[in-house]
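These exercises concern pairs of charged side chains. Work through each task before reading its solution.

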Amino acid sequence: MRKFTQTRFSMALSSILFLSVSVSPYCSKSDGGGSGEDNAKSAGALSWLAQAYLKAPNANAGDWFGEVVAASGDTVVIGARAEASNQNTITNGTGASGDNSSGYNGAVYVFRRTNGVWAQEAYLKTPNPSFTIQLGYSVAISGDTIVAGAPFEKSNQTTITNGSTASSDTSAGASGAAYVFKRTGTTWVQEAYLKAPNAETQDQFGISVAISGDTIVVGANQEDSNQATITNGSTASGNNSASNSGAAYVFKRTGSMWAHEAYLKAPNPEANDEFGIAVAISGDTVVVGAQYEDSNQTTITNGASASSNNGASNSGAAYVFKRSGSTWAHEAYLKAPNADADDSFGSSVSVSGDTIVVGAFDEDSNQTGITNGTTASANNTASGAGAAYVYKRTGAIWASEAYLKTSNHKQEHYFGNSVWILGDRIAVGAKKEGSLQTTVTNGSTADANSYAAINTGAAYTFVRSGSSWYQEAYFKAANAEQGDFFGSSVALAENILVVGALSESSNQTTITNGSTASTNNSATDAGAAYIFSRQ
């Protein structure tokens, strides 16, 4: 039986870009030679410090600001899919609508750092707001381009609109859409409105998004085609015989015009696999997660095939696709080396160059610490502890490189509900970790009292030295409290880490630059995001 979870909202933020990385790019230092952990510590001689506490200028109870985050350079993007304004224009500058007449319409907020100080740059809304479209369910950024998903958008349009408009049709509920925004100087405008070429009711196109340069990938986890091949070009299957099998769509920009480039399907599509629940891209490589795929395979398949075995229900899988010219092909099928029923492997994914990280928030091992190599614990005594898995490509061959667990791992932490990689650094969220620590721990330790207050949440960074990974730091919110879900999303950019906490409850409507955060709790589930800087 499928487990019910609260984690699907955070998948999108795990998409990563090439160079500017979807969500946020971070160039980590890698030293060669010498002894592993000593080199990792040397590479990480700089310390992580809390730098800012971000709140929406119209913070309101139940907005879930910070449920997803993205970053590129000095720009951070925050989604709030439950924001309720009916505004249909973009606000460049500070401020946001106080209107609350359109519940779950959603919004996206842009923040920018100048000389070390963070300020709001824009408040993004759609030109076709409608109750419950949930703009900001997923977000990604590359340089001056943002893509935001609205998986419950209702238009039956099956073409792309290049420009600032969008369909007002509402005849295909939850068909979904994605919106592209472009910055010139400090001014953001809508550049395109993306729809699937086979858009249908309940497909949830936009549940996940990723961007790298001029390429966007959009997931539709409840698309229903049983097609088992890739369609290169502008069409997609209208077949509906594999309910919720899922799909992913690739779009390419030429100049300022977006066009549909490919329709990606798993080579082993089956009902309810939800392929597309998470997507990531780096250059010409795309990764797609399918957290409810059912194979009990525990090895990687390099090539175009995938297992049709259904012996491990909801174990999950991730699929790698590679572009040559304008043609996409399936490159690999990734499984956990300890694949087990209900692990939800593939619920979050991220890629940077030749390295992929895959989260499995419901993995059950009680292992503490990292296994470098190709194995993973088969112990199942810590339900929902969670894990993250690292894969490395050599040529066109993918192999397992590491199995990441934390130094304070415990049951129901959901470690791996969000993941992010940039270069040789990985960030992982554990939104249900329970420590009340309110500071950053630089190094390989973490608060062992991680049941003090359930669901406060935590984030961790890991660094690679050679082919070995080490825990670099343990992050907590300055105002950590029970039920905040800090770590619901993570993103790395150069020398910064962004961590979202969708259920943080302060009613503050300003940014705090510095290491403090409000302890006010008068706006339940308003949400917040925290920025940490490596100095």
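The model is predicted, so local features need pLDDT of at least 70 and side-chain atom pairs count only at pLDDT 80 or more, while totals for chains, interfaces and linings use all residues. Residues are numbered from 1 along each chain as its sequence is written, and side-chain values use heavy atoms, with hydrogens and water left out.

**Exercise 1.** State how many salt bridges a search of the whole structure finds.

Solution. Start with the criterion: a side-chain nitrogen of Lys or Arg lies within 4 Å of a carboxyl oxygen of Asp or Glu. The search of the whole structure gives 23 salt bridges.

**Exercise 2.** Is Asp-354 buried, partly exposed or exposed, and where does its partner Arg-393 lie?

Solution. Step one: Asp-354 and Arg-393 form a salt bridge, with the closest N and O atoms 2.8 Å apart. Step two: Asp-354 sits in the loop between β22 (348-352) and β23 (355-360), and Arg-393 in strand β25 (residues 387-394), 39 residues apart. Strands are DSSP runs (E, at least two residues), numbered from the N terminus. Step three: buried means under 20% relative accessible area, exposed over 50%, partly exposed in between (1.4 Å probe, protein chains only). Asp-354, at 36%, is therefore partly exposed, whereas Arg-393, at 6%, is buried.

**Exercise 3.** Which residues are joined with Glu-121 into one network?

Solution. Glu-121 pairs with Arg-112, their closest N and O atoms being 2.9 Å apart. Salt bridges that share partners join Arg-112, Glu-121, Asp-144 and Arg-183 into one network.

Conventions. Helix = DSSP H or I, 4+ residues; strand = E, 2+ residues; numbered from the N terminus.
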